[in-house]
Amino acid sequence: ALVFRSEIVQSSPQMRPFMESLCGALGCELPLPRNAADIAIESSDIQPDAAVEARFTLYATLRNRANFQQDYPFLEITLTDSRDKALVRRVLEPKQWLPAGAPKDTFPANREIPTRIVFDAPGVAAAGYRVYAFYP
């Protein structure tokens, strides 16, 4: 059971409390799953700020399509030129993009999280963007 603890909890989420207490007693760890294939960016839009030069706001909705809770992914925002060539990239860890009202410890199963990220990109003449969710 200890060898396959992550798989057991993934297939039977109701077992997590029991497995966490078992790991606590035995000194093992039980990390949250990190299945990037189950994380989807349902929608995204980036808008320049009309009042502040080189400031952008990214609106995105991420969904955990898995039937189990997961760790939050990192987000990579890439501003591109008219040929889709990367001009600048920025990687955000979950605490940098997670909105205030979202659950802090886990990305709940079958749940959507909308986010709004404001960032500056001075000197970048962006024509497009890409957003990518991943686990390092």
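Reader: How many disulfides does the structure hold, and which residues does a disulfide join?

Author: This is a predicted model, and the structure holds 1 disulfide. The disulfide joins Cys23 to Cys28, with the two sulfur atoms 2.2 Å apart, a distance that can be read against the cut-off of 2.5 Å for a pair of cysteine sulfur atoms. The angle about the S-S bond is -95°, and the link of Cys23 and Cys28 is left-handed.

Reader: Is Cys23 buried or exposed, and what does Cys28 count as?

Author: Residues count as buried under 20% relative accessible area and as exposed over 50%, with partly exposed in between. Cys23 has a relative accessibility of 2%, and therefore counts as buried, whereas Cys28, at 22%, counts as partly exposed.

Reader: Which residues of helix H2 are buried, and why do they line one face of the helix?

Author: The general idea is that an α-helix has 3.6 residues a turn, so residues three or four places apart point the same way. In this structure, helix H2 runs over residues 16–26, and its buried residues are Arg16, Met19 and Cys23. Seen down the axis of H2, these buried residues fall within an arc of 65°, so they line one face of the helix. On the other side of H2, the exposed residues are Pro17, Gly24 and Ala25. After H2 comes Gly27, which has a positive phi, near 80°.

Reader: What covers the buried residues of H2?

Author: The cover includes helix H1, residues 5–11. Ser6 is found in helix H1, and Ser6 counts as partly exposed because its relative accessible area is 29%. If residues up to four places away in sequence are not counted, Ser6 touches Leu30 and Pro31. Ser6 and Ser82, by contrast, are 76 residues apart in sequence and 44 Å apart in space, taken from C-alpha to C-alpha.

Reader: How many aromatic pairs does the structure hold, and why is the pair of Phe74 and Phe134 tilted?

Author: A pair of aromatic rings is described by the distance of the centres and the angle of the planes. The structure holds 5 aromatic pairs. For Phe74 and Phe134, the ring centres lie 6.0 Å apart and the planes stand at 45°, so this pair is tilted. The pair links distant parts of the chain, since Phe74 lies in strand S3 and Phe134 in strand S6, 60 residues apart. Both Phe74 and Phe134 are buried, and for Phe134 the value behind that label is a relative accessibility of 17%. Phe134 also forms an aromatic pair with Tyr132, a stacked one, with 5.6 Å from centre to centre and 10° between the planes. Elsewhere, ring pairs link Tyr72, Trp97 and Phe107 into a cluster.

Reader: Which residues touch the most other members of the largest nonpolar core, and which strand gives the most to this core?

Author: The largest nonpolar core has 23 residues, and those that touch the most other members are Leu58, Leu62, Trp97, Ile117 and Phe119. At least two residues of this core come from each of strand S1 (39–48), strand S2 (55–64), strand S3 (74–80), strand S5 (111–120) and strand S6 (128–134). Strand S2 gives the most, with 4 residues.

Methods
Residues numbered from 1 in each chain as written. Predicted model: local features only at pLDDT ≥ 70, side-chain atom pairs only at ≥ 80, totals over all residues. Heavy atoms only, no water. Core = buried A, V, L, I, M, F, W, Y, C linked by side-chain atoms within 4.5 Å. Buried < 20%, exposed > 50% of the residue type's maximum accessible area, 1.4 Å probe, protein only. Phe/Tyr/Trp six-rings, centres within 6.5 Å; stacked < 30°, edge-to-face > 60°. Arc of directions from axis to C-beta. Contact = heavy atoms within 4.5 Å.
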